[in-house]
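The structure comes before the notes.

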Amino acid sequence: MHSHTEPPVSAWQPVIASFIGIAGGWWRGSTARKAWWLTGALALCLVGNIGVNLALNGWNRAFFDALERRDAGTLGLLVPVFGLLVIAIAGIGVLIVLARETLQVRWRAWLVGRLMDRWLEHKRFYHLSLSGREPSNPEYRIADDSRMATEPVVDFVIGLTHAVLTAIAFIGVLWSVGGSLSLRVAGQSITIPAYLMVAALLYGAAASVLTLRVGHPLIGAIARRNEAEAKLRFELTRLRENGESVAMIGGETAERNGLEGTYAAVVARWLRVVGLHARLTWITNASGALVPVIPLFLAMPKYLSGELSLGGVTQLAAAFTQVQVAIAWLVDNYKQIAQWHASAERVLALSHTLEDSPSRDGEPPGLDYSRRGKRVVLDRVTVTDPQERVVIRNVDLTVNPGDRVLIMGPSGSGKSTLLRTMAGLWPWGSGRVIFPPAACIGYVPQDPYMPLGSLRETLLYPGASHGPDLNRIAVALHECGLAQLISHLDQCQRWDQVLSRGEQQRLAFARILLQRPELVILDEATSGLDEISQECLMLTLIRELPETTVISVGHRASLRAFHTRCLSLVRSKEGAHLVEEGNRTIADTRTISTLRA
């Protein structure tokens, strides 16, 4: 797993601006109409919700005034009105939920699609992993951080809008209903205009500032906790994917020790978050207990003097509470905001890396690379590693259509790296490379890729599952020694676990027979097979695709018989160089068959 330097967690403004610049694209372009329609519907619902809450606040005063007067007639009229208000509150709440969650789902879908497109296009997922520039756990950032970076923003905007509108509306109630308070201090008469409004603003501001100061360390703590969680998930996934190797060599104890150390870090960072959250809870819980009582104390003098009715006191108390809820919204959501900040940084780090990827133009930097024709041409190609050390130097090679070329050499000499350079996957080097278009190429690696899905989809990957008919598929499987799998074509299993390595290589050859590419690359493609099985597969490949160009990498000397040219990578201090051996191989299937007989 590659390390990656995250932006400083305290840099709020750059994170917010960058996130809006990237994720805000949903409100522009082809998705703008749907995005703005959902946003407008949500805004109308919020305004309607404030209006109903104001009506309920007015109903509250009328009800308690009628109760104080023992006015049964008015109370009888107010009861059905309350029922209508409840229905309105519930209905608007349902509309808000529908609009909010639909907006969140659609926005996240757009962001995930954008990240996946840029991650997959031009093979960036491979180049970033190869170069070591890949941010840690890109799959987690795309799948989970995208959700945690978009959903809280919607909730934040809704909460902030609702808080502002609520504060404005109910501050007006405190001003108009509460009026001024006159006191006599040291024989002097002092009048405090709109005293309940002033008290509400001062109390709310003090509580919010205190919460911000106490809760600020949560941001960094949550970011570090998320990194530890991601590292644990990566290690568990890696253990599961390599379960057979670990079990065979008895590595359970070593793996458990490593996982225990990783999980210990997770627990420590979670406990840090718990401690900081507990410290913040002192303020939030104390404030929650004080808010309902403070307006009663403040309104009590005017009630005792007869300036306020019981209904007025209850209306003011409810309005004071609403203003505190609005002002303290940041207090109640500080942890969620910190969570968003951490996730947004991770999404931005991935997005910035994808934008800065050297493969964005589809060509490895330093190489004059082009896809055209049917020939493979390497002209004065030198291959280096990421530290610019020469791996292979001064390669001049032309592979004509129909050639079958075998590249041999000791382990670590750079055979597979040379293949990657030909295919445009290796980004370091210089020289000119001409390679056929990707649609014309078939590839059989040492460990063939087995995608999720049915056996038919695995066999036809990356083509459509409705490709060749059953007879062609059955013939291909039979030719590759997999006749027993014909009846399982529509079964969905983890075929990378069900099939042995040799069976996976056979399946990859069957895939080639069905695709019939113009160029086939075999990278240690028969290493999981015995000599006889290797010979059968290579003979089948030559017989069924006689005009196809083949470029192979392998160690076995017996592979020479199936190729028309043999090249060797010879190591030297200045880097390996390619040497073509004499034409000692046997070029046609008839001669090979005679040799077998």
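**Entry 1: strand 12 and its sheet.** I began with L569, whose bridge partner in strand 12 is L578. Helices (H or I, at least four residues) and strands (E, at least two) are DSSP runs, numbered from the N terminus. Two strands pair if DSSP finds at least two bridges between them. Strand 11 (residues 565-570) and strand 12 run antiparallel and are joined by four bridges.

I then noted that helix 18 (residues 501-515) packs on the sheet, where it touches strand 8 and strand 9 (519-523). Contact means heavy atoms within 4.5 Å. The direction of helix 18 makes about 170° with that of strand 8. For such angles, axes are lines fitted to C-alpha atoms, for helices over the stretch in contact, and the values run from 0 to 180 degrees between N-to-C directions.

I traced the sheet itself as open, with six strands in the order 8-9-10-6-11-12 and mixed pairing. Its edge strands, each pairing on one side only, are strand 8 (441-444) and strand 12 (577-580). Between neighbouring strands of this sheet the turn is 20° on average, direction ignored.

**Entry 2: basis of the values.** I recorded that this is a predicted model, in which local features need pLDDT of at least 70 and side-chain atom pairs count only at pLDDT 80 or more, while totals for chains, interfaces and linings use all residues. Residues are numbered from 1 along each chain as its sequence is written, and side-chain values use heavy atoms, with hydrogens and water left out.

**Entry 3: strand 10.** Is strand 10 (residues 549-553) buried or exposed? Five of its five residues are buried, so strand 10 is largely enclosed by the rest of the structure. Buried means under 20% relative accessible area, exposed over 50%, and partly exposed in between (1.4 Å probe, protein chains only). T549, I551 and V553 point one way from strand 10, and V550 and S552 point the other way.

I checked both partners. Strand 9 runs parallel to strand 10 and is joined to it by five bridges; L519 stands opposite T549. Strand 6 (residues 404-408) also pairs with strand 10 in the parallel sense, over four bridges, and V405 stands opposite I551.

**Entry 4: the cavity.** Grid points are joined across faces, edges and corners, and a volume is the space filled by probe spheres set on the points. The count is one cavity of 30 Å³ or more. Its lining comprises R404, V520, L541, I542, L545, T548 and V550.

Entry 5: I found an open sheet in the order 3-7-4-5, with mixed pairing. Strand 3 (367-371) and strand 5 (390-399) are the edge strands, each pairing on one side only. The twist averages 10° from one strand to the next. Strand 4 (residues 376-384) and strand 7 (residues 429-435) run antiparallel, joined by five bridges; the partner of V383 in strand 7 is G429. Helix 14 (residues 415-423) lies across strands 3, 4, 5 and 7, at about 120° to strand 4.

Lastly, I examined S370, in strand 3. S370 touches V433, I434 and F435, not counting residues up to four places away in sequence.

Definitions and conventions:
1 Å grid on protein atoms, 1.4 Å probe; cavity = no way out; pocket = protein on both sides within 12 Å on 5 of 7 lines; lining within 4 Å.
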